[in-house]
Structures are given as C-alpha cells and as structure tokens.
Amino acid sequence: MNDIKEMRAVYCESLIELARDNKDIVVIEADLMNCIKTGDFKKNYPDRFFNVGIAEANMAGIAAGMSACGKIPFISSFGPFATRRCYDQLFISIAYSKLNVKVIGTDPGICAEVNGGTHMPFEDMGIMRCIPDIVCVEPTDAAQLKSLMPQIAAHKGLVYVRLYRKCSPKVYEEGDKFDLFKAKEISQGNDVTIIASGIMVDRALQAAKLLAEQGINAGVTNIHTWKPIDKDAVIAAIKRSGAIVVAENHNRYNGLTSAVSEVACEHCPAPVLSVSVNDKFGEVGKMPYLSDVYNLNVSDIVERAKQAIALKK
Amino acid sequence: MDSQKLSFLQDKAAQIRKITIEMIGRLGSGHVGGSLSIVDVLTDIYYNVGNMSAAHPDDPNRDRVVVSKGHAGPALYAVLADKGYFPIDNIKTLNQGGTSLPSHCDMNKTVGVDMTAGSLGQGLSCAVGMALAAKMDKKSYRTYCIIGDGESQEGQIWEALMYAGNMGLDNLTIFIDYNRMQIDGYTDEINSLEPLPDKYKAFNLNTLRVDGHDIAAIDDAIAKAKAATGKCTVIILDTIKGHGVPWAEDKGVGSHSFAISESQWREFCGKEKD
C-alpha cells in the first residue's frame with residue numbers, strides 16, 4: 001500500500017496545533033481515546049481534555065453546554081455511537097440550539113472490519129445530513145484531512161467528520177490545499193464522471209485507469225463534503241460527461257448517491273448510478289472480503305460506469 | 001433569611017404565578033402544573049442568590065440557569081418578563097406563530113434563556129458542560145439546573161449525575177422538582193425513583209431535601225450547596241404540581257397540561273379587563 005500517516009495521527013496532531021492558538025478547543029471522549037489516539041492532546045492540554053466514560057449522550061450534552069460558554073468541543077466515538085446513539089442530543093442540544101461542536105465518527109462503513117455489524121455505520125452520513133445547517137464531511141486521506149482540519153475547527157456550527165482512523169490510500173500530496181465547501185475535480189472525462197468519497201476515491205481512480213485502457217474517458221470528482229454539497233461540481237460533471245457513477249462506502253439511501261441525485265434531478269437530469277451498500281447491515285470481515293460482499297470493488301465501478309454510459313441518450 | 005426579604009420573595013413568587021397563569025390563560029391551555037411547581041426555586045435564584053441581570057443577558061460571567069424540564073418554560077418566561085429581559089406584553093404571544101416564547105425553552109428565541117431544552121433528559125448534561133467550562137476558565141459563575149422527576153426516568157440524567165458527582169462539580173447545583181407526577185400518572189406507580197436520596201448519595205452527590213415551596217428553606221439549601229467545596233449538590237424539592245393555584249392543584253396528575261378558561265385566569269390574576 002502506498003500509505004503514509006494514519007488519519008488519527010493527523011487528526012490529533014492537527015488538533016494539538018490548532019489548540020495552541022485557539023484556547024477554546026476542547027476534546028471530550030467516551031472511552032475511545034486510545035482508539036482515536038487523542039492521548040497526546042491530553043498530554044499537551046490536560047485541562048482541556050475530558051473522558052466521560054461510555055456515555056455518548058452525556059458527551060454530546062456536555063459539549064453543548066461547553067459550547068454555550070464559548071468552547072469548541074471536539075467529540076468522538078465509533079461512527080454508530082457518535083451519531084445514531086446520541087442523535088437526539090446532537091439534533092436538539094447542539095444543532096437546534098445553534099451551538100458549535102465537532103463530531104468525529106470513526107471507522108466508516110467497511111472500515112469497521114472485524115468489529116462487525118454493531119460497529120459498521122452505513123447510515124451515519126444519511127442520518128446526519130438530515131440535521132438542518134450541519135456540515136458533513138468525509139476526508140479522503142491524510143493530506144486532505146490536514147488541509148481541512150483548520151476549516152473544520154473554524155466553521156461555526158455542528159460539523160460531522162466521517163473519519164477512517166487508519167491509513168487511507170494516498171490520493172493527494174502533502175501540502176495540497178482543499179476547500180471544505182468545494183469538491184475536488186481530480187480528472188475530467190467526457191464519457192462518464194465517477195463521483196467518489198473516502199476510501200472509494202482511490203478505487204475510482206483505479207477504475208478510471210481501467211476504463212481508459214478500454215477507450216472510455218472517465219473523470220473523477222472527489223466530493224468530500226456531502227452537505228452542503230458542491231452543486232456546481234455535480235452540474236459541471238453532468239454537463240461534461242452526461243453520466244454519473246457515485247462511489248460511496250455507505251448505504252445508497254440518504255448518502256452521497258442521494259445527495260448527488262438530488263442535485264441532478266433539479267438542475268440537469270442524467271443517469272446517476274451507484275456503487276454503494278445496497279441497504280444492508282454490516283458484518284465482520286477484512287476489507288477485501290467486505291468489498292466483495294457489498295460490491296464496492298474497482299470492478300464494480302467499472303461495470304457501473306459502462307452501464308451509466310449506455311443509459312445516456 | 002430576614003423576614004422582610006422572605007416576604008418580598010413570597011410576594012414575588014405569587015406575582016410570578018399570576019404572570020404564568022395569565023400567559024397560559026391567554027393562550028387557552030398549556031403546561032400549568034410543572035410550571036407552578038418550580039416558581040419558588042426560580043424566585044430564589046433570580047431575585048435573591050443568582051448573579052445575572054436583564055441589562056447584560058450575555059454577560060459571560062453571569063450565573064447560568066438550565067430548566068431541563070423545558071416544558072416549564074412559562075414559569076421561566078414569567079420571571080424573565082418581570083425582570084425586564086423583554087417587554088411584559090410578550091407574554092401574550094406564548095406559542096403563537098413567530099413568538100419569542102415557545103412552549104419549551106429556547107436559548108435562541110428568548111432573551112435570558114441560557115439553554116434550549118424540551119427533549120427530556122438533555123439539559124443536565126448541558127449544565128455539566130457549563131460548570132466544566134467555568135472551571136476551565138477559572139470563572140466563579142454558578143450553574144443551576146432544574147430537572148423533573150418524570151424526566152429522571154431518562155437514562156441520560158443518570159449519566160450526567162454520575163459525571164457531576166465524580167467530577168465534584170461544586171459550582172453546579174441541581175434541583176429536582178419532585179412533584180411525584182408525570183403525564184400518565186404518579187411516578188411511584190409508573191417507574192418509581194425511590195429510594196431517591198440514596199441514589200443521589202450513591203452517585204457521590206451532596207444530597208439535600210427541602211419543601212420546594214418554602215423559599216427560606218430553598219435559600220438555606222442553596223447556601224449549603226455553595227459551601228460544599230468539592231461536591232456537586234442535588235437538592236430534592238418536595239413540590240406540589242400546580243402549587244399556588246387551587247384549581248390547578250386539584251387537577252392532580254391532570255394539572256400537567258390543561259385548558260384554562262378566560263374567567264379562571266382573569267379571576268386568579270385579578271384582571272377583569274385588559
């Protein structure tokens with residue numbers, strides 16, 4: 001694997017750096033400090049670190065109260081527990097109250113691997129993006145996360161960060177700059193555009209390469225922020241290629257496929273096909289096995305791209 | 001507490017009850033019982049022990065009040081209106097479209113409300129967060145949180161109590177409005193909190209208990225809470241749902257939310273006409 005740093009290492013280093021200048025940044029954990037590795041934050045800022053134990057609802061509420069007093073809490077847990085488990089607290093105590101909290105949900109989709117169905121969120125972005133005014137972002141790799149962290153911290157309001165803790169396949173170069181609210185057009189294609197997020201971006205690039213070998217010109221756009229979605233990027237992709245394949249490590253319902261389709265339907269209808277989890281629960285296994293089970297492989301993207309092109313008028 | 005101050009506070013509580021009833025009465029119905037049961041503790045906080053003012057509602061050093069049982073908003077609004085946080089005439093808009101006084105407390109709609117509440121069980125965690133923020137900033141403001149007894153059937157309340165107790169949050173004072181009633185009946189019959197004092201003590205909380213309608217006793221308990229260094233205090237307020245309004249008290253469990261006729265509220269408030 002052409003990996004660099006673990007995402008959690010970048011997350012924690014960025015937080016420590018941001019917290020140096022911004023005294024309002026605090027970290028609250030619910031007994032998974034050792035999984036997301038915020039221990040170094042605790043070492044640097046012991047007065048700004050809290051571990052409430054296994055109590056996600058309380059963690060979210062405490063974050064809301066701290067935010068009401070001017071703090072910027074970063075709270076985290078495994079994806080299902082950072083979202084589903086404390087959804088009403090995120091919705092009412094934080095979002096409805098217009099407070100300023102960053103929620104980190106780790107191990108998205110198949111990245112939960114051997115923790116299995118109880119820990120494998122295919123719906124987290126779907127339920128989170130139903131919260132008004134929220135920002136939902138899935139950083140692609142270490143370089144992108146590093147660029148986005150200051151923007152995430154600076155954005156006032158509820159931000160949900162869907163974070164793969166470990167080494168995400170390298171897509172970008174260290175030092176590359178990203179805008180939290182703008183998609184990254186990695187390559188342009190006239191036949192089809194693959195819109196991808198998270199671990200699926202690398203797979204999309206591999207698929208585009210295979211398609212090119214077959215004479216198909218596929219572009220790849222990385223939509224890291226699912227909400228608010230970069231409508232212009234979606235429209236531009238449709239206008240250029242006339243067909244879209246969305247590749248997401250998430251349930252196709254309410255996820256990136258839905259978000260892209262919402263834009264397409266309203267602004268420029270075109271075939272939007274999906275490489276995603278087809279309304280299934282999670283299960284245990286390693287990534288290659290799970291990619292087979294849920295049809296999230298490079299070959300699935302290639303196949304769907306051809307189908308999308310065939311649907312073009 | 002000297003008798004003059006006590007007399008002032010008792011009169012104030014009576015006045016707050018009238019404003020609360022007028023507010024709900026003009027609308028026609030609302031959460032009467034649980035609003036009236038917390039009037040006395042609100043009165044002592046806002047007119048006696050609390051450090052907050054209508055002139056500076058956003059003062060970062062003000063004491064915070066979280067009414068976690070957010071449906072008791074009208075009682076809090078009555079206090080805030082009387083204190084001049086907003087014009088008293090606003091009480092006529094309770095729950096009307098576009099109002100700044102919604103059924104449940106909303107920090108973004110009502111000047112003076114420190115925390116949004118209404119989805120039961122959530123406010124106490126927020127109060128814990130406020131108390132922790134004060135400690136982090138080495139500020140001396142205090143946080144007061146009023147929870148309901150029915151609300152205490154929510155698990156999050158106990159998560160928050162456990163953490164408050166273990167963190168020794170001596171700048172947080174929790175009140176439970178122990179009127180022993182909830183929408184569907186008596187708490188003891190639906191899902192009892194007893195033995196309540198033992199539960200709090202087991203959660204490492206300084207546990208006090210007073211008549212929730214005896215302002216002098218409430219005041220004394222708050223003084224004890226302030227003096228309990230290193231301990232978070234919970235004060236059990238033995239209250240009566242609908243207290244101070246005979247026809248609300250008489251409704252018992254039915255006092256939670258009910259319709260008030262115009263003649264009822266006008267007679268209670270001594271307002272024959274506008």
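The model is predicted, so local features need pLDDT of at least 70 and side-chain atom pairs pLDDT 80 or more, while totals for chains, interfaces and linings use all residues. Residues are numbered from 1 along each chain as its sequence is written, chains are lettered from A and ligands numbered from 1 in the order in which they are written, and side-chain values use heavy atoms, with hydrogens and water left out.

Me: How much area do chain A and chain B bury between them?
Reply: Buried area is the accessible area (1.4 Å probe) that two parts lose on being put together, summed over both. For chain A and chain B the value is about 2000 Å², with 60% of it on carbon and sulfur atoms. On the chain A side, A:Asn58, A:Cys69 and A:Lys71 lose the most area to chain B, together 25% of what that side buries.

Me: Why is the pair B:Asp137 and A:Lys71 called a salt bridge?
Reply: The term requires a side-chain nitrogen of Lys or Arg within 4 Å of a carboxyl oxygen of Asp or Glu. The side chains of B:Asp137 and A:Lys71 meet at 2.5 Å, N to O, so the pair qualifies under that cut-off. The count between chain A and chain B is one salt bridge.

Me: How do you know that chain A is as compact as a globular protein of its length?
Reply: Chain A has 13 helices and twelve strands. Its radius of gyration is 19 Å, close to the 20 Å that the globule rule gives for 313 residues, so chain A is as compact as a globular protein of that length. The radius is taken over C-alpha atoms, and the rule is 2.2 Å times the number of residues to the power 0.38.

Me: What do A:Asp124 and A:Arg162 tie together?
Reply: The two form a salt bridge, the closest N and O atoms being 2.9 Å apart. A:Asp124 lies in helix H7 (residues 124-128) and A:Arg162 in strand E6 (residues 159-163) of chain A, so the pair ties together parts that are 38 residues apart in sequence.

Me: What makes B:Arg266 and B:Asp274 a salt bridge, and is each of the two buried or exposed?
Reply: Their closest N and O atoms are 3.3 Å apart, which is within the cut-off, so the label holds. B:Arg266, at 13%, counts as buried, whereas B:Asp274, at 66%, counts as exposed. Salt bridges that share partners join B:Glu22, B:Arg26, B:Glu262, B:Arg266, B:Lys271 and B:Asp274 into one network.

Technical notes:
Helix = DSSP H or I, 4+ residues; strand = E, 2+ residues; numbered from the N terminus. Buried < 20%, exposed > 50% of the residue type's maximum accessible area, 1.4 Å probe, protein only.
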